[in-house]
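Subject: Structure for your files

Hello,

Here is the structure you asked for, with the sequence. My notes on what was found follow below it.

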Amino acid sequence: RVAAARAYGEDSGCAFQIADALLDASPSSAERGKRAGKEARQCKATFATVLGAQAARAEAARRVERAVDRLHRVKLDSALLEDLAHFMISRRS
């Protein structure tokens, strides 16, 4: 169970990072509450810059589904953890 919880954290954390890169690449600074494009100005390679927005979104969704599946396989059914993982890729700021 510990390994499944760790893998959940890795997958959901990666999904969060992808979503964050997508938000940073978005033109709407007002949504984020900060100036967008910081990663691009620093020439950082992100899922969004390497794969493109659509593929990065798909990868984030795949990571969330895999994270949740890992919990289910070891019977760690937690609505809170599932909701958290899904929120990570649907947030707007």
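**Lys75 and the loop**

Lys75 counts as exposed, at 64% relative accessibility (buried means under 20% relative accessible area, exposed over 50%, and partly exposed in between, with a 1.4 Å probe and protein chains only). Lys75 sits in the loop between α5 and α6. Its phi is near 60°, a positive value in a residue other than glycine.

**Basis of the numbers**

This is a predicted model, in which local features need pLDDT of at least 70 and side-chain atom pairs count only at pLDDT 80 or more, while totals for chains, interfaces and linings use all residues. Residues are numbered from 1 along each chain as its sequence is written, and side-chain values use heavy atoms, with hydrogens and water left out.

**Overall make-up**

The protein has six helices and zero strands; helices (H or I, at least four residues) and strands (E, at least two) are DSSP runs, numbered from the N terminus. The order of elements from the N terminus is α-α-α-α-α-α. Of the 93 residues, 35% count as buried. The accessible surface comes to about 5900 Å², and 57% of that belongs to carbon and sulfur atoms. Accessible areas come from the Shrake-Rupley method with a 1.4 Å probe, and for residues only the protein chains shown count as cover. Among contacts (heavy atoms within 4.5 Å) between residues at least 6 apart in sequence, 64% join residues at least 24 apart.

**Helices α5 and α6**

On either side of the Lys75 loop are helix α5 (residues 53–73) and helix α6 (residues 79–90), which pack at an angle of about 175° with their axes 9 Å apart. The axes are lines fitted to C-alpha atoms, for helices over the stretch in contact, and angles run from 0 to 180 degrees between N-to-C directions. The two helices, α5 and α6, are therefore roughly antiparallel to each other (angles under 35 degrees count as roughly parallel, over 145 as roughly antiparallel, 65 to 115 as roughly perpendicular and the rest as oblique). On the α5 side the contact is made by Ala60, Ala61, Val64, Glu65, Val68, Leu71 and His72. The α6 side supplies Leu81, Glu82, Ala85, His86 and Ile89.

Ile89 is also touched by Ala19, along with Met88 and Arg91, not counting residues up to four places away in sequence. Ala19 belongs to helix α1 and is buried, with a relative accessible area of 8%. Ala19 and Ala61 are 42 residues apart in sequence, and their C-alpha atoms are 9.5 Å apart in space.

**Salt bridges**

Side chains of opposite charge can pair when their charged atoms come close. A salt bridge here is a side-chain nitrogen of Lys or Arg within 4 Å of a carboxyl oxygen of Asp or Glu, and by this rule the count comes to seven.

Which residues are linked in a network of salt bridges? They are Asp11, Glu59, Arg62, Arg63, Arg66 and Arg70.

- Asp11 and Arg66: their side chains meet at 2.6 Å, N to O. Asp11 lies in helix α1 (residues 2–25) and Arg66 in helix α5, so the pair ties together parts that are 55 residues apart in sequence. Asp11 counts as buried at 4% relative accessibility, and Arg66 is partly exposed at 28%.
- Glu59 and Arg62: the N to O distance is 2.7 Å. Both lie in helix α5, three residues apart, about one turn of the helix. Arg62 is partly exposed, with a relative accessible area of 40%.
- Glu59 and Arg63: the closest N and O atoms are 2.7 Å apart. These two are four residues apart in helix α5, about one turn of the helix. Arg63 is buried, with a relative accessible area of 17%.

Glu59 itself counts as buried, at 15% relative accessibility. Leaving aside neighbours within four places in sequence, Glu59 is in contact with Ile18 and Phe47.

**Nonpolar patch**

Phe47 also belongs to a nonpolar surface patch of about 270 Å², made with Val50 and Leu51. Patches are made of residues with over 30% relative accessible area and no salt bridge; like charges are joined within 9 Å and nonpolar side chains (Val, Leu, Ile, Met, Phe, Trp, Tyr) within 5 Å. Leu51 lies in helix α4 (residues 47–51) and is partly exposed, with a relative accessible area of 45%.

Regards
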